[in-house]
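Q: I have a structure open here and would like to talk through some of its local features. Can we start with the loops and then move on to helices and strands?

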Amino acid sequence: MTAATSRWFRANLWLHRWASLIATIPFLILCLTGTVLIFHEEIDHALGVVPTTTQVTDQPHRPLAEAVARVQAAYPDERIMSIGVDPVEHPGVQLIVTAPKGATGFDDAHLRFADLATGELIGATNPAKTLTGFLLELHAQWFLGPVGELIGALIALLVLISLLSGVVVYAPYVRRIAFGVLRRGRGRGARLLQLDLHNFIGAIVLGWALVVTATGFLLGFSTVAIGIWQMTELGELRAYAARMAPVDADNPPANADRAFAAATSTAPPGWRVGSLLYPGTDFSTPRHYTALLSGSSGVDARMVRVAIIDAATGEVALTPEMPAYLKAIFLSQPLHFGDYGGLLLKLLWTLCTWLTLFITANGAWLWWSRRHRRTLRADGISPEGTT
């Protein structure tokens, strides 16, 4: 090994140990909460977070505006922020998001549900008060809002550094020891076995861990990316809308059904309107609805198109192209949580998460064991036979 190669190896060994050590506890928390969030849909369904309907889902539904009117009558101190329809995850149910009067953001939002077939209200919940909502806030934001997302991105970066430097550190061992061999040498016993397990399992889950960590890094900038979009593309539209007469955000002249129909008319085949944001929110203008559309299968099911609807006329005002950085974040979410391939993929994601959890804890033990052996040697005590 040349001097330059030796320095490169030692630098990567130092990076691997310290990046892993710093990220160990936060990463353990992310693994534990992430395991639960992989099954967030099943958990929410079991806990009744999203009510279901027994109505036949393919029959014509009542006008969306009927359920909106019922929510406004039942909760006069709140305003409608958005409505949504998801025939795949929540068939037969209309989702209505409300917030206190005068609110523009979704921090204090509540979910109201209506039966699409009858327009009757069938339940309500606060997303932040559910089990998965609590865990998602911990996993994604560490209860610190957008700052917590950036902290999460930093943790993901440390894990990425640990993974990549670990490949460099492990490479020399591959040439000397057959892949998958688990040794148990005299005197070093458990530590040698744990080291081989660490390297072996790490090699197995490396590809998965790189994907999940890289997507977690991108998701840490989701609020920043949306803020940039709000200041640029949406900001230009707001400046244009400021020169137009505003509408009553609670009861726009063009109701939700007209806005849904207008947005649907702009959609390519297979795309549908998933959410409609009312005028006067952080994601719309005082004059316009913002419709979010998604595809029905494949990559399209994870992407988002935007249609801006004039709430006074019900006509499509603009269909802006989503910037590449937001598309990257949209694609990162299903890869991060493994929720795009059914139950088998979720089980695979869970297995990989727990294997990664093991090598994280195992790596911390190896670090402690190494320092403990050094301390014993410094005190003149032979570490032979210790772990």
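**Loop, helices and strands**

A: F143 counts as partly exposed, because its relative accessibility is 38%, and please keep in mind that this is a predicted model.

Q: Okay, and where is F143 found?
A: F143 lies in the loop between α4 and α5, and its phi is positive, at about 60°, although F143 is not a glycine.

Q: What about W142, what is its phi?
A: W142 has a positive phi of about 55°, and it is not a glycine either; its place is in the loop between α4 and α5, the latter covering 146-176.

Q: Is W142 buried or exposed?
A: W142 is buried, because its relative accessible area is 17% and the cut-off for buried is under 20%.

Q: Which residues does T132 touch?
A: Leaving aside residues up to four places away in sequence, T132 touches L37, H40, I43 and D44.

Q: Where does α1 bend?
A: The bend is at T24 and amounts to about 55°, with a proline, P26, following within four residues.

Q: Changing topic to strands: how many residues of β6 are buried?
A: Six of the seven residues of strand β6 (residues 288-294) are buried, so the strand is largely enclosed by the rest of the structure.

Q: And in which sense do β5 and β6 pair, parallel or antiparallel?
A: Strand β5, residues 272-277, pairs with β6 in the antiparallel sense over five bridges, and within that pairing L277 stands opposite T290 in β6.

Q: How many bridges are there between β6 and β7?
A: There are six, again in the antiparallel sense, between β6 and strand β7, which spans residues 305-310.

Technical notes
Residues are numbered from 1 along each chain as its sequence is written. This is a predicted model: local features need pLDDT of at least 70, side-chain atom pairs count only at pLDDT 80 or more; totals for chains, interfaces and linings use all residues. Side-chain values use heavy atoms; hydrogens and water are left out. The bend at a residue is the angle between axes fitted to the seven residues ending there and the seven starting there. Helices (H or I, at least four residues) and strands (E, at least two) are DSSP runs, numbered from the N terminus. Contact means heavy atoms within 4.5 Å. Buried means under 20% relative accessible area, exposed over 50%, partly exposed in between (1.4 Å probe, protein chains only). Two strands pair if DSSP finds at least two bridges between them.
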